[in-house]
Amino acid sequence: MATAIFEAPLSANSRQQVLPPSGRKSRIRRDLHAITKDGVAQSVMVGLGETWLPAFALAFGMGEMVSGLMATVPMFAGSVLQLVSPRGVSWCGSLRRWVVLCAVLQALSFVPLTVAAFAGEMSVLALLGVATIYWGTGLGTGAAWNAWVETLVPGRVRSRFFAGRTRLAQLGVLAGLIGGGLVLEYGRSVGAELWSFGVIFAIAGLSRLWSSRQLALQSEPVQWQPASRMVPASPRVTRASSVSQKKLMTYLLGMQGAVFVAGPFFSAWMLKYLQMSYFEFVVLIAASFIAKAVVLPGLGTVARK
């Protein structure tokens, strides 16, 4: 078993932009603002769109099994699709161009969802296909974005900056989640539930488009030479030589396994069997985000100490 690792090492002929101190500070400030705006807009998309995909399948009457598959099959297929990202970066010749392209495609994946919601018609295969494109393009940006953003955020402010960005991103997801829940609850009350899905999916797509714009505004000061390699999984396991490390790994594998077996059917259980309203469902989900926003900063301080 092997894992694909994306790397973007500097080549011997790499070029780095040479700017005067004032110009460099201005560029860094502009990039940091754009990175933050991108994170918030993308998080709003998650709260409005991604979170409600299983509920969308239920609203179409596709059943609990399809709702569960919506949270697993597209993500698995998207994980496989992201393995092409090193070749994609090579084809684009730039980390930024590849990330922006994937972000735009992810935004466009909401178009068929919006059209289907307004039309009231969509097959199971079409829904799974669109969700696969959503996950594939979203996951495809991850490794490339990590390699790119490292060149934009100075090391001396990196931990503080990303801590603040993460808090704002959590608030973005929460805002999208609450807004989406209120729209869906209103749509259900007036007999226009599918139309309300169309509204939130349209806004989610626009949020991701604006996020793509913020990505495009960021600079790319270092010319990267992308590469990929396969790293066997076995050395990672054997490195955990101590008993305590092996116990920790076993615990994490067991916990994550249980979560991912049960997780796909969470929405179906709450909305279908417990007959929760969208508002009650939002309150339940929002509690976890609020807890994270309150607790994580303190845990970060403890971890640093």
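**A patch, a helix and some bridges**

Me: Which helices each supply at least two residues of the nonpolar patch?

Reply: α6 (95-108) and α7 do. α6 gives the most, with 3 residues. Helices here are DSSP runs (H or I, at least four residues), and strands are too (E, at least two), numbered from the N terminus. This is a predicted model, where local features need pLDDT of at least 70 and side-chain atom pairs count only at pLDDT 80 or more, while totals for chains, interfaces and linings use all residues. Residues are numbered from 1 along each chain as its sequence is written, and side-chain values use heavy atoms, with hydrogens and water left out.

Me: What makes the nonpolar surface patch?

Reply: Trp91, Leu101, Leu105, Leu108, Val111 and Val115 make it, and it covers about 590 Å². A patch residue needs over 30% relative accessible area and no salt bridge; nonpolar side chains (Val, Leu, Ile, Met, Phe, Trp, Tyr) are joined within 5 Å, like charges within 9 Å. The areas come from the Shrake-Rupley method with a 1.4 Å probe, and for residues only the protein chains shown count as cover.

Me: Why is leucine 105 called partly exposed?

Reply: Leucine 105 sits in helix α6. Buried means under 20% relative accessible area, exposed means over 50%, and partly exposed is in between (1.4 Å probe, protein chains only). Leucine 105 has 39% relative accessibility, so it counts as partly exposed.

Me: What makes one side of α7 unlike the other side, where Val115 and Ala119 are exposed?

Reply: Phe110, Leu113, Thr114, Ala116 and Ala117 in α7 (residues 110-119) are buried. They cover an arc of only 165° around the axis, which puts them on the same side of α7. The arc is taken from the directions from the helix axis to the C-beta atoms. Val115 and Ala119, on the other side, are exposed. Glycine 120 follows α7, with a positive phi near 75°.

Me: How do you know that arginine 27 and aspartate 31 form a salt bridge?

Reply: Check the distance. A salt bridge needs a side-chain nitrogen of Lys or Arg within 4 Å of a carboxyl oxygen of Asp or Glu. Here the closest N and O atoms are 3.1 Å apart, so the pair meets the cut-off. Both residues lie in helix α1 (residues 21-48), 4 residues apart, about one turn of the helix. Arginine 27 and aspartate 31 are both buried.

Me: What makes arginine 208 and aspartate 38 a salt bridge?

Reply: Their closest N and O atoms are 3.8 Å apart. Arginine 208 lies in helix α11 (residues 193-217) and aspartate 38 in α1, so the pair ties together parts that are 170 residues apart in sequence. Asp38, Arg165 and Arg208 are linked in a network of salt bridges.

Me: Why are arginine 208 and aspartate 38 called buried?

Reply: Arginine 208 has a relative accessible area of 2%. Aspartate 38 also has 2%. The limit is 20%, so both values fall under it.

Me: What makes arginine 188 and glutamate 193 a bridged pair?

Reply: Their side chains meet at 3.7 Å, N to O. Arginine 188 is partly exposed, at 34% relative accessibility. Glutamate 193 is partly exposed too, at 23%. A search of the whole structure finds 4 salt bridges.

Me: What makes a nonpolar core, and which residues in the largest one touch the most other members?

Reply: A nonpolar core is a set of buried Ala, Val, Leu, Ile, Met, Phe, Trp, Tyr and Cys residues joined through side-chain atoms within 4.5 Å. The largest has 41 residues, and Trp52, Phe56, Leu113 and Phe197 touch the most other members. A second, separate core of 21 residues includes Ile35, Val100, Ala147 and Val157.

Me: Why is glycine 172 called buried?

Reply: Glycine 172 has a relative accessible area of 4%, and this value makes it buried. It is found in α10 (residues 158-189). Leaving aside neighbours within four places in sequence, glycine 172 is in contact (heavy atoms within 4.5 Å) with Val40, Ser43 and Val44. Glycine 172 and glycine 47 are 125 residues apart in sequence, and their C-alpha atoms are 7.4 Å apart.
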